[in-house]
Amino acid sequence: MTVHPLHSTQGTYVRRDGRWNDLERLRTTSPMYDAVIEEIDGRRIRVGSHWLTDWASCNYLGFDLEPEIMDAVDPYIRTWGTHPSWSRLLGNSRPYIDIEERLTELLGAPDTLLLPTITHIHMSVIPILAGDGTIFLDSQSHKTIYDGCMYAKGLGATVQRFRAGDPEHLAELLAKAPAGKAKLVAMDGVNSMTGLAPDLARFAEVCRQYDALLYVDEAHGFGVIGERRPDETSPYGSRGNAIVQYAGETYDNIVLVGGFSKSYSSLMAFLALPTWLKNHLKVAAPPYLYSGPSPTASLATVMAGLELNEKRGDEIRAELYRKTMRVLEHVRALGVYTPNSGTTPIIELPLAPGEDIAQVGQFLWDRETYVTLAAYPLVPRDQVGFRVQVTAANTDAEIDQLNGVITELAHAGRLLRTDVNALGNAA
């Protein structure tokens, strides 16, 4: 009898692809995976009867807990109902237009287009931009970018990968690309695991030299980094208006993709793009034509978040920077390796060779520390570990407790040390 790869035989799943075995083991055995969160209290969460400090959410600015943002929801719902259920091509509730106008000014972009999620955008817009041309994909791009590129490949595009952080390798590949075909370069802004931002100015220069369109996913940078100016309150820059402004760049040959689900804690995403492309996507991108739009509560919290960002955003980012550096400086003083050599609030901590991610996860759980467990194949095997995301809403006492737990793991030899990683890189 032929057994389907996802059918059960005497309680055992038969799979052709074993890459997901480690993740499945964690899903079924670790309290950190597939957890049901019953209650929150600030950045404390309750799973069952167990209270933990949350370092796994990406609410960097703490907007999910801001009373004035919460208070904005009810008036919108009383006006627009719980959900404006037209597809956007058929009808736009006025808040969509207001947000796009406000967002365009914040980003300093030619225009913006709101769609429900970044995943929707990657899966629908990347194939449109690539056509039957070539996509040059950063080797460390987020899985959702990769999936959008693979879908585009199925529709006729060619996909080539270039080394992460290597604009010269990209230039070599672009120089060999077929003439007369679209060239799309797809990459992350602030990386979701390392917390590092690329040299956007250099990548933009290469793309313009070879008439390629640079497509940047700024899911984790929007709201955190922004334009540099003398009165900035932290090295993050000002206004949180993302990597193009942070790099002092223009939007020539750049399409920026961002989301409100991280810093703004709202279900909505956007593209910053020229108006002609925006108008084309209105008739070519399936999420604009067919998808149900973001709920009214998201429209309300995005607009309230934009207003709060203008009033107190830089003050909040200064606090976020201070708290983040308390963790990063502690990690570095311990000699523990993190790929985040900068200052963003994404701190990945790979495990020492031979350490088991499930056991480390249980250790963290027992010490009331809730993190993102990064197991294979979510990350390469030599990068398995956990990710901490600092938010402005975390307290100094919570940071003290986190640093204490990291110290325990470091002294037990369970985290990758900087000197060990250097030896590995040298090899």
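What share of the 427 residues in the protein chain is buried? The figure is 52%. Keep in mind that this is a predicted model.

The C-alpha trace spans about 60 × 55 × 50 Å along its principal axes. The radius of gyration is 22 Å, which agrees with the value near 22 Å for a compact globule of 427 residues. The accessible surface comes to about 18,500 Å², and 52% of that belongs to carbon and sulfur atoms. As for contacts, if we take those between residues at least 6 apart in sequence, 70% join residues at least 24 apart.

Now to one helix, α13, residues 357-366. Seven of its 10 residues are buried, so I would call this helix mostly covered. The buried ones are I357, A358, V360, G361, F363, L364 and W365. At the start of α13, a side-chain oxygen of D356 comes to within 3.1 Å of the backbone nitrogen of A358. After the helix comes E368, with a positive phi near 60°.

What does D356 form with R25? A salt bridge, with the closest N and O atoms 3.2 Å apart. D356 sits in the loop between β13 (346-350) and α13, while R25 is in helix α1 (residues 21-29), so the pair ties together parts that are 331 residues apart in sequence. Both ends are partly exposed: D356 has a relative accessible area of 23%, and R25 has 33%.

That pair is one of 38 salt bridges found in the whole structure. Another joins the side chains of R46 and E39, at 2.9 Å from N to O. R46 is partly exposed at 23%, and E39 is partly exposed at 36%. R417 and D419 also meet in a salt bridge, at 3.5 Å. Here R417 has a relative accessible area of 37% and D419 has 44%, which counts as partly exposed. Elsewhere, salt bridges that share partners join E105, E227, R229, D231, R239, E310, D314 and R317 into one network.

Last, the surface. Which residues make the nonpolar patch of about 360 Å²? They are W80, W86 and L90. L90 lies in the loop between α3 (73-80) and α4 (94-107). Its relative accessibility is 72%, so L90 counts as exposed.

That is where I'll stop.

How values were computed. Residues numbered from 1 in each chain as written. Predicted model: local features only at pLDDT ≥ 70, side-chain atom pairs only at ≥ 80, totals over all residues. Heavy atoms only, no water. Patch = residues over 30% accessible without salt bridge, like charges linked within 9 Å, V, L, I, M, F, W, Y side chains within 5 Å. Areas by Shrake-Rupley, 256 points an atom, 1.4 Å probe, with all protein chains shown as cover. Salt bridge = Lys/Arg side-chain N within 4 Å of Asp/Glu carboxyl O. Helix = DSSP H or I, 4+ residues; strand = E, 2+ residues; numbered from the N terminus. Buried < 20%, exposed > 50% of the residue type's maximum accessible area, 1.4 Å probe, protein only. Rg over C-alpha atoms; globule rule 2.2 N^0.38 Å. Contact = heavy atoms within 4.5 Å. Polar contact = N/O pair within 3.5 Å; in protein donor to acceptor, adjacent residues only side chain to side chain.
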